[in-house]
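Please read it alongside the structure.

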Amino acid sequence: MVDIEVIAVGGYNEVGRNMTAVRIGKEIVIFDIGLYLDPITGNNNVDMENMHSLDLIQMGAIPDDTVMNSVEGTVKAIVCTHGHLDHIGAIQKLAHRYNCPIISTPYTNELIKQQIEGERKFSVMNKTFVLKAGGKYTISQNLTLEFVRVQHSIIDSVMAVLHTPVGCVVYANDFKFDMTPVIGEAPDLARMREIGKEGVKVLIVESLNLDDRGYSPSEQVARLRVRDAIMRCEDDKNAIIVSTFASQIARIKTITECAREIDRVPVLLGRSMERYNTTAEILKQVAFPQGTSIYGNRKTTDRMLRRVLKEGKDKFLLVATGHQGEPGSMLSRIALGETPLKIERGDKIMFSANIIPNPTNYAQRAEVDRLLMRQGASIFDGLHVTGHAYYQEHYDLLSMLNPEHIIPSHGPFAMKGGYVALGSEFGYTLNKEVHIMQNGDRLVLPK
């Protein structure tokens with residue numbers, strides 16, 4: 001009987017740079033190769049496209065995969081569950097070390113190819129393969145990969161299931177059970193129950209919102225909050241600027257549709273807005289209202305803002321990057337007075353995203369808020385719902401899968417510790433069935 005070993009490469013000490021390797025006998029599958037944004041954001045000395053992976057590892061921006069040098073076996077595949085940077089943002093720096101394909105959903109695959117095309121230091125020759133939710137991919141004679149549909153704060157997200165001779169390995173970073181999504185179908189709970197009956201050896205699972213009881217609110221709740229705020233401004237003559245995650249395609253769809261309802265032209269501004277949303281449009285995974293326009297680079301965004309001033313602020317609704325206060329983002333530039341559009345008293349700034357909890361983001365966002373309010377802007381906050389499961393969803397997941405072992409991931413020790421309490425409700429015990437790991441740790445699962 002083959003043994004299963006889990007290697008916690010990254011994302012087990014922090015929320016970011018996710019990378020987990022699973023060895024089944026002499027075959028290895030890697031799940032995610034992500035970026036940790038904290039060392040990158042606001043650091044003008046970081047030119048990531050031209051930097052060596054070892055320098056980025058040293059500064060803590062990407063996973064330290066040197067632990068893989070001592071793992072006996074051959075990497076057969078790199079599997080990515082969705083397109084957020086903390087899951088795919090380091091692929092262009094590390095994937096070339098492994099002679100294997102990169103497997104992901106259609107939207108994620110396109111984002112990965114863009115990452116690789118922008119790389120200047122390494123030549124990444126890995127083939128990329130598309131696997132849709134509900135599909136299966138034969139990795140080897142002993143390993144089959146399956147993607148199960150879930151919802152998250154980015155479209156085309158899945159739960160990865162690796163079928164092995166000794167049971168399934170389920171990788172659930174990240175997910176929520178949104179049964180009434182704005183884009184896409186509800187999670188495939190029926191298939192999860194079937195997988196549970198087939199036998200799950202280990203569940204590797206995010207642990208971000210375990211402290212929140214009940215179910216995470218549906219994206220439909222965010223849709224109502226956004227629509228309520230925008231519709232209150234129907235007769236307003238001032239500027240309306242909404243900032244959210246550029247990758248939150250469902251939210252941006254809502255914002256653009258609400259803009260049309262109050263007879264404003266929706267305009268998306270910022271490089272990441274252009275990247276994520278244009279890609280989604282090209283793949284026909286979203287349809288924005290007619291007349292929606294997207295501008296990425298500084299020259300075209302400034303030209304558009306001059307048009308806004310000429311034709312009137314009340315004719316447009318702007319969707320801008322910068323909800324974390326990131327230096328150089330569209331909203332930061334507007335707040336600093338670096339664009340043709342100047343903030344005036346009565347202009348509305350709406351934040352449809354929470355601050356990612358770390359000191360850098362809090363400080364940057366506080367400064368942007370201060371600058372905007374000093375110029376007379378009215379700020380609307382809280383028009384958001386999370387993309388991560390709450391306690392009850394994790395409870396339901398354990399009930400459906402009934403795994404032999406649980407490895408919480410995606411966060412620091414205190415965050416993962418919540419799974420010890422949750423597991424105890426099912427009879428799991430720490431260090432026997434629930435395993436708390438840190439970056440660099442290796443665990444051979446008991447047979």
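The sections below start with the basis of the values and then take up each topic in turn.

## Basis of the values

The model is predicted, so to speak of local features a pLDDT of at least 70 is needed, while side-chain atom pairs count only at pLDDT 80 or more and totals for chains, interfaces and linings use all residues. Residues are numbered from 1 along each chain as its sequence is written, and side-chain values use heavy atoms, with hydrogens and water left out.

## Pocket and cavity

Lining residues have an atom within 4 Å of a point. Points are joined across faces, edges and corners, and a volume is the space filled by probe spheres set on them.

The second largest pocket holds about 490 Å³. It is lined by 25 residues, of which Gln-151, Asp-156, Ile-183, Gly-184 and Glu-185 are the closest to its centre. Its lining has nine nonpolar, nine polar and seven charged residues, where Ala, Val, Leu, Ile, Met, Phe, Trp, Tyr, Cys and Pro count as nonpolar, Asp, Glu, Lys and Arg as charged, and the others, Gly among them, as polar. There is one cavity of 30 Å³ or more, and the largest cavity has a volume of about 40 Å³. Met-1, Val-2, Asp-3, Ile-4, Val-166, Lys-201, Leu-445, Pro-446 and Lys-447 line this cavity; six of the lining residues are nonpolar, none polar and three charged.

Helices (H or I, at least four residues) and strands (E, at least two) are DSSP runs numbered from the N terminus. Helix α4 (residues 106-117) has 12 residues and should span 16 Å at 1.5 Å a residue, in agreement with the 17 Å between its end C-alpha atoms; the expected span is 1.5 Å times one less than the number of residues. Buried residues (under 20% relative accessible area; exposed is over 50%, partly exposed in between; 1.4 Å probe, protein chains only) in α4 are Pro-106, Tyr-107, Thr-108, Asn-109, Leu-111, Ile-112, Gln-115 and Ile-116. They pack against elements including β5 (102-104), α7 (249-261) and α8 (271-282), contact meaning heavy atoms within 4.5 Å.

Helix α12 (residues 391-401) is mostly covered, with eight of its 11 residues buried. Among them are Tyr-391, His-394, Leu-398 and Leu-401. The cover includes β9, β10, α5, β11 (200-206), β18 (405-409) and α14. Asn-402, which follows α12, has a positive phi near 45 degrees.

## Cysteines

With a disulfide taken as a pair of cysteine sulfur atoms within 2.5 Å, the count is zero. For Cys-100, the nearest cysteine sulfur belongs to Cys-80, 10 Å away; Cys-100 is buried at 6% relative accessibility. For Cys-258, the nearest is that of Cys-233, 11 Å away, and Cys-258 is buried at 3%.

## Backbone geometry

The peptide bond from Asn-173 to Asp-174 is cis, with omega near 0 degrees. Asp-174 lies in the loop between β10 (167-172) and α5 (189-198).

Asp-156 has a positive phi, near 60 degrees, and sits in the loop between β8 (144-149) and β9 (158-164). Asn-431 also has a positive phi, about 70 degrees; Asn-431 is in the loop between α14 (418-424) and β19 (442-444) and is exposed, at 63% relative accessible area.

Notes. 1 Å grid on protein atoms, 1.4 Å probe; cavity = no way out; pocket = protein on both sides within 12 Å on 5 of 7 lines; lining within 4 Å.
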